[in-house]
Amino acid sequence: MQRPTPINQEIKLDEKRYIVSKTDPKGIITFANPYFCMICGYSELELLGQPHNIIRHPDMPRIAFKLMWDTIQQGKDFTAVVKNLAKDGRFYWVITEFTSKKDPVTGQITEYTAFRKAPPRSAIETIEPIYRALLDAERNGGMQASQKALVDFLKSKGETYESWIAKVSGKSNPLTAMFFKAMKKLFS
């Protein structure tokens, strides 16, 4: 599939709806809920069997996905604020929590699930300039430079990635935390 050319038009998410997708261990989409299809503009048939990066927006630094993969491949949950690319080139922002499902016998990861909802506007305003700085570092010095920029930023804030993203995304808010907990129960 040819990647759409991004256009500078945001799709606003309904704060009362959620996006859910599942992938196999290699990131190939195995499930997409109807709201995901509606927002990204791909039909379920177009999404199934495709790599999840079909919706990766070029404004997202690669280090964000490296950090995500390094975390979820260990079976740990990972939260991020992500800018995604719709089929028609528009974009949409989400707070995403990724979870892993393991085979109870082998302990091997069999599936990843991503639960997404609309982020607070303040989260987008906070994270956009950081992503631009990470992309600049990436363009000038590769992924290592981007990773160093992220580590230096977090150190300057006295935060871990997890504590910082919880504050920025609103995940430390009890209602947001309840949302992700309910989604895990519903889709596990």
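This is a predicted model: local features need pLDDT of at least 70, side-chain atom pairs count only at pLDDT 80 or more; totals for chains, interfaces and linings use all residues.

Colleague: OK, what volume does the largest pocket have?
Modeller: About 400 Å³. It is lined by 23 residues, and the closest to its centre are His52, Asn53, Phe65, Met68 and Trp69.

Colleague: Which element gives the most to that lining?
Modeller: Helix 3, with five residues. Other elements that give two or more include strand 1 (19–23) and strand 5 (109–117).

Colleague: And how does the lining split by class?
Modeller: Ten residues are nonpolar, eight are polar and five are charged.

Colleague: What about the second largest pocket, how much space lies in there?
Modeller: About 170 Å³. Helix 3 and helix 4 (121–157) each supply at least two residues of its lining. Among the lining residues are Ile63, Leu67, Gln147 and Tyr161. By class, that lining has six nonpolar, one polar and two charged residues.

Colleague: Switching to the core: how many residues does the largest nonpolar one have?
Modeller: It has 46, and those with the most contacts inside it are Leu13, Ile19, Phe36, Leu47, Tyr92 and Trp164. Helix 4 gives the most to this core, with nine residues.

Colleague: Which residues does Tyr92 touch?
Modeller: Leaving out residues up to four places away in sequence, Tyr92 touches a set including Ile11, Leu13, Ile19, Phe36, Cys40 and Val82. Lys83 and Asn84 are also among its contacts.

Definitions and conventions
Residues are numbered from 1 along each chain as its sequence is written. Side-chain values use heavy atoms; hydrogens and water are left out. On a 1 Å grid over the protein atoms alone, a cavity is a set of points where a 1.4 Å probe fits but cannot get out, and a pocket is an open set with protein on both sides within 12 Å along at least five of seven lines; lining residues have an atom within 4 Å of a point. Grid points are joined across faces, edges and corners, and a volume is the space filled by probe spheres set on the points. Helices (H or I, at least four residues) and strands (E, at least two) are DSSP runs, numbered from the N terminus. Ala, Val, Leu, Ile, Met, Phe, Trp, Tyr, Cys and Pro count as nonpolar, Asp, Glu, Lys and Arg as charged, and the others, Gly among them, as polar. A nonpolar core is a set of buried Ala, Val, Leu, Ile, Met, Phe, Trp, Tyr and Cys residues joined through side-chain atoms within 4.5 Å. Buried means under 20% relative accessible area, exposed over 50%, partly exposed in between (1.4 Å probe, protein chains only). Contact means heavy atoms within 4.5 Å.
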